[in-house]
Amino acid sequence: MSGARIYLKPKKEESLRRFHPWVFSGAIASIQGDPEEGDPVEVYAADRTFLGIGHYQIGSIAVRILSFLPVAIDHAFWVERLRAACELRRTLGLTGRPDNDTCRLVYGEGDRLPGLIIDLYGTTAVMQAHSVGMHRVRTVIAAALKEALGERLQHIYYKSEGTLPFKAALEPENESLYGRADAEPVALENGLRFHVDWMKGQKTGFFVDQRENRLLLESYARNRSVLNLFCYTGGFSVYALRGGASLVHSVDSSAKAIALTEKNIALNFPDTACHQSFAEDAFSFLEKAGHAYDLIILDPPAFAKHRNVLRNALLGYRKLNALAFEKIKPGGILFTFSCSQVVSRNDFRLAVFSAAAQSGRHVRILHQLAQPPDHPVNIYHPEGEYLKGLVLEND
C-alpha cells in the first residue's frame, strides 16, 4: 500500500463507487503526504472510507485507479492482471492460431490497467504508457509480462515518446526492454502478412483495431474496383486483393505510408497488376476522381482529439463522406469510420446521414461496426469506446 492518501470532497465518491476508474482533480479535498507524479496513492471518501488505489498524476485526471480493493501494487499484481489479459485473448481465439499472431494484449481501462497499451506481434510485445505511473514501472511490467507469456515472448519494445503527458517533462526514450526483434519484423493477421514499423510508425506500428472490419471488407471485394483512402499500411487494400478485387487504389498523404503499403502488397501478392498507390491528400484525390469505384474505404485519422474541436470534426466527416457518395458508382459500398473518441456514435451517424442527404443518394446501412473484442470497453468507463463505423450501400 502507498503512504500517500487523497481525500475527496463530500458526495464526490459516487463515480468511484460505480467503478469508474478516474478521479478528477476538482473532486479532491486534500492530499495527505507529498506524492510525486506517478506514485501509487490511496483514495478515500470524505467519511474516510477506502475507495481505491491508483497512480497519481498532475492534470484534470488526478488518479487512475488500478484496484478498488486495498491490495499491494507489486510484481504479483502485475502478473495477475497480465495473465487475465492473455487469457481473454486466448478465449477470443486470437492467440495460439497458425494464421494469426497479432492482437492487442492490453487495452488500458478495458483490462483494468489504465494508462497501459500492449500490442503483440508474433514474439514481440510493443508497450505504450499513457500515464506517468505506467512509465515509471515499465521495467516491472516488462518482467511481469515475461512471466505471464513465457517462452513465446522474445522481445519487448517500449514506445512512449509520443504518448506520455507532455507537461510531465520526463524525456522518455523508446527502447527495447527485453530481448531482440527480428531484423525484418512481420505480423501475421488472418493469414496475411504485414511489415510492422514499431520504431517509427504510427501507434505501435500497425492498426490492429481494424482486423475484423478488414475481414468483412474482404467479403465485399470480389470483382469490385476499390479505393482505400488514408490507407497507412495498406491493410484494407491487402484484404481487398485477397477478396478478389478487380482494382485497388491506395491513397495516403504520407510517402512513408505509401512505401509501407507497397511493401505489404508485395509481401502478399508479389505478382499482382491490380494495385496502384498514390501519395496524395485524400480530399484532393477524391475531388478529382471520376465515378470509377464500386467500393470506397474512408478510415481517416482522428478529426477531433478534444471536445473543443468537435464541431469542425463533424463538418470534416460530413464533407468527406459527401464526396465519397458523389463519386461512388450506383449500387456501390462505402466503409466509413471515425476513430475520434469525442465523436459519439450518434454524432458520427448524423454526420454521415447529412452527407447522404446532401448527395441526394438513397443509402442503406448494412453493418454498424466497432472496435474488436481485444479492445474491450469497461462498462463503467464508456470513454474507452472510440472506433465506430458504418457499411453503407447506395444507389
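**Cavities, a pocket and a helix pair**

Two cavities of 30 Å³ or more were counted in this predicted model. Each is a space where a 1.4 Å probe fits but cannot get out.

The largest cavity holds about 100 Å³ of space. Its lining includes three phenylalanines with neighbouring or nearby numbers in the list: F206, F207 and F230. Another phenylalanine, F236, also belongs to the lining.

R345, F348, R349, Q368, K388, G389 and L390 form its lining. Two elements each give two or more residues to this lining: helix α10 (345-359) and strand β20 (388-394). The class division is two nonpolar, two polar and three charged residues.

At least two lining residues come from each of β10 (155-158) and α7 (255-268). Helix α7 gives the most, with five residues. In this lining, 11 residues are nonpolar, six are polar and six are charged.

Two packed helices are described by the angle between their axes and the distance between the axes. Helix α2 spans residues 75-91, and helix α4 spans residues 138-149. The two pack at an angle of about 50 degrees, and their axes lie 8 Å apart. Angles from 65 to 115 degrees count as roughly perpendicular, and those under 35 degrees as roughly parallel. Helices α2 and α4 are therefore oblique to each other. Their crossing is right-handed.

Residues on both helices make up the contact. From α2 come H75, W78, V79, L82, R83 and C86. These meet V140, I141, A143, A144, L145, E147, A148 and L149 of α4. By class, the contact has 11 nonpolar residues, one polar residue and two charged residues. R83 in α2 and E147 in α4 are the charged ones.

Key. Residues numbered from 1 in each chain as written. Predicted model: local features only at pLDDT ≥ 70, side-chain atom pairs only at ≥ 80, totals over all residues. Heavy atoms only, no water. Helix = DSSP H or I, 4+ residues; strand = E, 2+ residues; numbered from the N terminus. Axes fitted to C-alpha atoms, helices over the stretch in contact; angles between N-to-C directions. Parallel < 35°, antiparallel > 145°, perpendicular 65-115°, else oblique. Left-handed = near helix turned anticlockwise from the far one by under 90°. Contact = heavy atoms within 4.5 Å. 1 Å grid on protein atoms, 1.4 Å probe; cavity = no way out; pocket = protein on both sides within 12 Å on 5 of 7 lines; lining within 4 Å. Points joined across faces, edges and corners; volume = space filled by probe spheres on them.
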